[in-house]
Amino acid sequence: MAMRELAYDYIVIGAGSAGCVLANRLSADPRNSVLLIEAGGRDRHPLVQLPMLMGKLMHSRIYNWHYETEPEPELDNRRIYWPRGKALGGTSTINGMIYVRGNRHDYDRWAQMGLPGWSYAEVLPFFRKSEGHAERHGEYHGETGELSVCRARSGNPLFDLFIEAGKQAGHAFNDDFNGADQEGFGRYDFTIRNGKRCSTSKAFLRPILKRPNLTVATHALTRRIVVENGRAVAVDYTAEGQERRVRAAREIILSAGTVNSPQILMLSGIGNADELVMHDIRPVHQLPGVGKNLQDHVDVCVVYEVTRPVTLYSDLRIDRLTRSILEGFLLGRGVATTFPYEGGAFLKSRPGLEAPDIQAHFMPALEKTANLHWPKLFGKQKVEDNHGITIRVGPVNPESRGAIMLRSGNPADPPRIFANYLGTDFDKQTTIAGVKLMREVMAQKAFADLVGKELAPGPDVQSDAELRTWLKKAGGTTLHPVGTCRMGTDRMAVVDAELRVHGIEGLRVADASIMPIISSGNTNAPSIMIGEKAADMVLRANA
């Protein structure tokens, strides 16, 4: 039986951080018919709403591809868990909501690599276009965009102590990591609206679902992009147990993310021909860089005891948090409407650097106790058994490069992820430098009467050799994978500066996978900017 074929002007594959923006902007003109294809479902689960519940959401299978890497050689061959969003809103539906754009140097480097249009001055308008900041104004911020952004909301005093300790250690205070300069200690901004998560689905997609020229297909697994005579003309996907084909009169935009965008290209015969034939896929176009250039932010946790009950542990007792959850849902306030890692820093590991090379995330809780728990009615425990501080720290510009590769030719099989964390000496040394900086900060007077024993790396881990050994056990991910369909002009590049796939007409990639070099910090805001800029490119090209 022949597949039923429908036709649209534009087909967007993936309703994630960039895809929702594209669907919004492309369908704003009622003359354009747009189809948005998403492998996951609608983002209706209540756990999505309240920021404090993000940890539970990230480790569940709710709206989550639930990937893991292959064994990582420099991390004792551990497999590292990779949650990726599988729902309208993509990973913005399950992430930590931290809004960090990166710094000026990131984008100017992209432009210097021969990518016109990607300098900081040229991308800033697209950041501002999306942003609807509730409190910040001026040349660096937007106030009327669909994406709600706000300052940190927690009243926990340990965040201020962290900032004060940073100042005592000789570092600057930074009130706005997205302002004129990124360096210093401060609090992050968040994509939170009225105490609830503002995902890209909530910001860009839900308000436009009734547009007659927009069709959204959920629980729709893309099987391949159809290429005829060098042009991408259709998409094959499976939904409700049926195989379907939809045609694109103008363009197909692949926005399935750093893992799934290269996977879909390879399933479509676009990639390294020698690797494709191993999975019985007919090569359509030789593009060896598909899936390569994978980058992610590695980090480690520096952990301390706290000798007084002033951490988030007290707020996470089930009886107290239940009240806070109700307060959050009904009134949009309370601890449940905050994210645990509100404190942060961007620092230089050595003098003379153009921009910070280290990022820290500060949480007033121990990782192991930052979960729901019942009140302990019987028995005594030391305060420091449950109360502590966790600082995640790592390099923002890692040298290590990994790859996404097919596991098979079956679209339902998860691809193989080789992150290659700490694969270079530079990454190890920069991570160690970050640990030393955090130790200096925690040794300051601000924490003198509050902080107890160092739990990790621990007082017995001091030399660089000892720290290198510890990295193997402690290294993990900050969950910022990018780069697997990178922009560029060389033979390993996948897309050009207009995000057009090299050698294929009518096909672009628009998500974090196009980054040639990872941005300095959390990657959701840059992904949204990429969606904005891609929509502008598409509309101008088809005007």
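Begin by selecting C198, which is buried at a relative accessible area of 2%, where buried means under 20% relative accessible area, exposed over 50% and partly exposed in between, with a 1.4 Å probe and protein chains only. This is a predicted model, in which local features need pLDDT of at least 70 and side-chain atom pairs count only at pLDDT 80 or more, while totals for chains, interfaces and linings use all residues. Residues are numbered from 1 along each chain as its sequence is written, and side-chain values use heavy atoms, with hydrogens and water left out.

**The cysteines**

**R206 and its loop**

Move to R206, in the loop between α6 (200-205) and β12 (214-217); helices (H or I, at least four residues) and strands (E, at least two) are DSSP runs, numbered from the N terminus. R206 is partly exposed, with a relative accessible area of 35%. Setting aside neighbours within four places in sequence, show D43, Q49 and S201, which R206 contacts, contact meaning heavy atoms within 4.5 Å. The side chains of R206 and D43 are joined by a polar contact of 2.9 Å, a polar contact being a pair of N or O atoms within 3.5 Å, of which, within protein, one must be able to donate a hydrogen and the other to accept it, with residues adjacent in sequence counting only if both atoms are side-chain atoms.

**Helix α7**

Select residues 257-267, helix α7, where 11 of the 11 residues are buried, so the helix is largely enclosed by the rest of the structure. Just after α7, look at G269, which takes a positive phi of about 90 degrees.

**Strand β21 and its partners**

Now select strand β21 (residues 388-395), which is largely enclosed by the rest of the structure because eight of its eight residues are buried. Strand β18 (residues 298-306) pairs with β21 in the antiparallel sense over six bridges, and two strands pair if DSSP finds at least two bridges between them. To find this pairing, show C301 with its bridge partner R392 in β21. Strand β20 (residues 358-363) also pairs with β21 in the antiparallel sense, over six bridges, and here A360 has V393 in β21 as its bridge partner.

**D427 in helix α10**

Continue to D427, in helix α10 (residues 425-442). What surrounds D427, not counting residues up to four places away in sequence? It touches P395, P398, E399, S400 and L422, and a polar atom of the D427 side chain lies 2.8 Å from the backbone nitrogen of E399. D427 is buried yet has no salt bridge, and R401, the nearest side chain of opposite charge, is 6.4 Å away; a salt bridge is a side-chain nitrogen of Lys or Arg within 4 Å of a carboxyl oxygen of Asp or Glu, and in counting charge Lys and Arg are positive and Asp and Glu negative, with His and the chain ends not counted.

**A four-stranded sheet**

Finish with the open sheet of four strands in the order β5-β9-β7-β6, whose pairing is mixed. Its edge strands, each pairing on one side only, are β5 (98-99) and β6 (131-133). Strand β7 (residues 147-151) pairs with β6 in the parallel sense over three bridges, and G132 stands opposite S148 in β7.
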